Amino acid sequence: MAIRIGETAPDFLADSSQGPLDLYQWANKNWVVLFSHPADFTPVCTSEFCRSVELEDQFSRRGVKLLGLSTDSIEHHTAWINDIKRITQRNIGFPIIADPDRRIARLYEMIHPQEDESAAIRALFVIDPAMKVRLTMNYPMSVGRNFNEVLRIIDAMQLADVRGIATPADWVKGDPVLIPASVSNEVAEERFPQGWQQITHYYRLTVVKPVGDKTLPTRRAG
Ligand code: BEZ
């Protein structure tokens, strides 16, 4: 059974490039992006890791911890991380789970046997501080993910949680937002005293204050 939005993320204990890792303890009430990749030392995966290393500070500002996973071993991860350091000239602050027996990959349904019997697809889960799954994404092996889109979705979810709004198509941070249809005009007057643009009776745009940074302490090895 696939893990669905709104469900509690299954906890696990796994080996990682930064030592043994218990998901819930390690998350420590922060947001988590858990993302799998098919194999170390492959071009699409390497491009994704280089990009996630570049964006690590952006995730940290939003209170989000990154957590990679592949079905390769710790030894592979360590050698590959050294390659990524050489390419990006940066250290990787986040752990990569080694899952050679595919225990975690199976738990999170990251193996889609019609695509590949043993390697994980490009699955991605955004998990909130209450350990609820808030986003799931599955990409094919040949397509690198858009990490700016992951940041955009996290911005949208964090703003929705704090301000009680929704976001329109192609919204980016700073754009007008939507007043949910479930909020009556009477309630909207209290919640959004700044007013709104009424496009139809159910389609109302407003502007809200952004939510602040919550930068996490970083752990950058060597
Ligand atoms: C890659 O990262 O380039 C890749 C990995 C597994 C299958 C296809 C592509």
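Predicted model: local features only at pLDDT ≥ 70, side-chain atom pairs only at ≥ 80, totals over all residues.
Residues are numbered from 1 along each chain as its sequence is written, and side-chain values use heavy atoms, with hydrogens and water left out.

Helices (H or I, at least four residues) and strands (E, at least two) are DSSP runs numbered from the N terminus. Helix α6 has 17 residues, 147–163, and reaches 24 Å from its first C-alpha to its last, close to the 24 Å expected at 1.5 Å a residue, the expected span being 1.5 Å times one less than the number of residues. Among the buried residues of α6 are Phe147, Val150, Leu151, Asp155 and Gln158, buried meaning under 20% relative accessible area, exposed over 50%, and partly exposed in between (1.4 Å probe, protein chains only). Ala160, which also has its place in α6, is partly exposed because its relative accessible area is 24%. Just after α6, Gly164 takes a positive phi of about 65 degrees.

For helix α2 (residues 43–54), the 12 residues should span 16 Å at 1.5 Å a residue, and the end C-alpha atoms are 17 Å apart, which agrees. The buried residues in α2 include Cys45, Phe49 and Val53.

The ligand is surrounded by Pro38, Thr42, Pro43, Val44, Cys45, Arg122 and Met141, a residue being near a molecule or strand if one of its heavy atoms lies within 4 Å of it. The largest share of this shell, three residues, comes from α2. By class, the shell holds five nonpolar, one polar and one charged residues, where Ala, Val, Leu, Ile, Met, Phe, Trp, Tyr, Cys and Pro count as nonpolar, Asp, Glu, Lys and Arg as charged, and the others, Gly among them, as polar. An oxygen atom of the ligand lies 2.9 Å from an N or O atom in the side chain of Thr42, and an oxygen atom of the ligand is 2.8 Å from a polar backbone atom of Val44. Of the 270 Å² of accessible area that the ligand has on its own, the protein covers 74%, as computed by the Shrake-Rupley method with a 1.4 Å probe.

Note on methods. Polar contact = N/O pair within 3.5 Å; in protein donor to acceptor, adjacent residues only side chain to side chain.
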